[in-house]
Amino acid sequence: MKNTLTKSFVSAILLFAVVSVSFAQTSAKVNKTQLAAQVKTEFLHAWNGYKQYAWNHDDLKPLSKTYRDWYGTTLLMTPVDSLDSLYLLGFKEEADKTRKYITDNLSFDKDIDVQNFEITIRILGGLLSSYQMTGDKKLLVLAEDLGNRLLPVFNSPTGMPYRYVNLKTGKVKDPVSNPAETGTLLIEFGTLAKLTNKPVFYEKAKRALVETYKRRSAIGLVGENINVETGEWTNKDSHVSGAIDSYYEYLLKCAILFDDADCKKMWQDSIVAINKYLADEVRGELWYGHADMNTGKRGATKYGALDAFFPAVLALGGDLERAKRLQDSGFKMWTKHGIEPEEFDYQKQEVTYPSYPLRPEIVESTYYLYHYTGDEKYLQMGKQMFEDTVKYCKTDVAYTGLKSVVTKEKNDYMHSFFFAETLKYYFLLFSPPKTLDFKKTIFNTEAHPIKKTWK
Ligand code: DMJ
């Protein structure tokens, strides 16, 4: 009897010791200063690689050490997308040089068909935020020129934009679009309207957003594809993933940035339907999956790297409880293979699309949650994700995406959003709050910080 008691006592002490050690390990304070400095080092590593092998071009291909221009001629995608990050991370001299290069060399007078959504969020958004940071009027002139060249996209029977427009001729094409592309324009076009005093930019982009919302189903959901000429849905799958994601993000953010009561109402209606039909409880975890936009019937039980922006939006909308639970689920998806896949079946706990193109969304949500909760847990999360990214995606000259998070085989592409978003959100997570006034900032979906400088 005495022996058994002694044994249980010893086991209890051992268990206590193990728990204490692991608690001490996980609760060890994250050294934010050191991590912010590491993010800067890695940013420079990637930036120097871009400069050495792809300068003046859109994006770097880091394995073949060459470049890609999206439309066969450069739009300086990486420099424009990176400029406000260069300023925020404190590389002022480099930023000033890059800004001068952009204002001296960037021209939109090109006979190319460009994708309105991508050009708006990366280039128009980048020019506007950098203009607000520096006051360099040439950036605003470029933004207005670009805005004017993009405007013909809205000349459809419904007012929702075509996907492509020719920058020289204004000819549009591709009427089958999606809510992300029809509804992720108002932060940029609206800001352009306010800064140039030309309301037409606001009106056109707002109408596109409203026309998308007006076509929601009776239960309040939107589908994945819509024809902007007929207004008919061509794909009725509903979710918060790519092709829909930032439509919801902009309803909320435009309500805040422009104090727009219509956007507020559209957001409030939408989030009720999203939580009712897309939210999914599995094994006590919260996920957001797919459903039919008309019946609400559950579709694929998939979540992924793109969906991982949603905790940030939930937090910004005031629903911290769902935001925290969803972020825990997203982090579980990340840790399954040590880095997050593009798409994951949360029911089966299986990767369904294995690539990782250096996406930022889960980092963005970590930053928002740390901002709202101050919980050290989010610093730990960010630290682990940053270290995993360095471990698996760093190359001798820059960073590259992965073909597969399972095998860790690399692809040969560094998207400009790695500078614009991923590294910016890591830096902001680890830097002192004074680096950027969160309350006075709305990030566009490409993480370009926009400030309300108008009444
Ligand atoms: C970015 O261009 C934007 O964040 C967009 O909203 C979604 N895709 C990429 C990053 O993953």
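A residue is counted as near a molecule or strand if one of its heavy atoms lies within 4 Å of it. By that rule, the residues around the ligand are I121, R122, L306, R359, P360, E361, F417, E421, T445 and E446. The model is predicted, so local features need pLDDT of at least 70 and side-chain atom pairs count only at pLDDT 80 or more, whereas totals for chains, interfaces and linings use all residues. Residues are numbered from 1 along each chain as its sequence is written, and side-chain values use heavy atoms, with hydrogens and water left out.

## The ligand and its surroundings

The side chain of E361 places an N or O atom 2.7 Å from an oxygen atom of the ligand. For E421, a polar side-chain atom is 2.9 Å from a ligand oxygen atom. T445 contributes through its backbone, with an N or O atom 2.8 Å from an oxygen atom of the ligand. On its own the ligand has 290 Å² of accessible area, and the protein covers 92% of it. Accessible areas come from the Shrake-Rupley method with a 1.4 Å probe, and for residues only the protein chains shown count as cover.

T445 is also joined to E249 by a side-chain polar contact of 3.0 Å. E249 is found in helix α10 (residues 245-257); helices (H or I, at least four residues) and strands (E, at least two) are DSSP runs, numbered from the N terminus. E249 counts as buried because its relative accessibility is 3%, where buried means under 20% relative accessible area, exposed over 50%, and partly exposed in between (1.4 Å probe, protein chains only). Leaving aside residues up to four places away in sequence, E249 touches F309, V313, E364, F443, N444 and T445, contact meaning heavy atoms within 4.5 Å.

## Salt bridges

The structure holds 38 salt bridges, each defined as a side-chain nitrogen of Lys or Arg within 4 Å of a carboxyl oxygen of Asp or Glu.

| Pair | N to O distance | Accessibility of the Glu |
|---|---|---|
| E94 and K97 | 3.8 Å | E94, 15%, buried |
| E181 and R163 | 3.0 Å | E181, 9%, buried |
| E285 and R283 | 3.3 Å | E285, 14%, buried |

E94 and K97 both belong to helix α4 (residues 92-105) and are three residues apart, about one turn of the helix. The salt bridge between E181 and R163 has another setting. E181 lies in helix α7 (residues 179-183) and R163 in the loop between α6 (137-150) and β4 (164-166), so the pair ties together parts that are 18 residues apart in sequence. R163 is likewise buried, at 18% relative accessibility. A network of salt bridges links K92, D96, R99 and D136.

R283, the partner of E285, is found in the loop between β10 (279-282) and β11 (285-288). R283 is partly exposed, with a relative accessible area of 47%. Its phi is near 50 degrees, a positive value in a residue other than glycine. Most residues other than glycine have a negative phi.

Helix α2 (residues 32-54) has 23 residues, which at 1.5 Å a residue should span 33 Å; its end C-alpha atoms are 32 Å apart, which agrees. The expected span is 1.5 Å times one less than the number of residues. At the start of α2, a side-chain oxygen of N31 comes within 3.3 Å of the backbone nitrogen of T33.

The buried residues of α2 are L35, A36, V39, E42, F43, A46, W47, G49, Y50 and A54. These buried residues pack against β1 (59-61), β2 (66-68), α3 (77-88), α4, α15 (376-393) and α16 (417-430).

After α2 comes N56, in the loop between α2 and β1.

## Y392 in helix α15

Y392 has its place in helix α15 and counts as buried at 18% relative accessibility. Residues up to four places away in sequence aside, Y392 touches G338, I339, L402, K408 and K410. Y392 and K410 are 18 residues apart in sequence, with their C-alpha atoms 8.2 Å apart in space.

Key. Polar contact = N/O pair within 3.5 Å; in protein donor to acceptor, adjacent residues only side chain to side chain.
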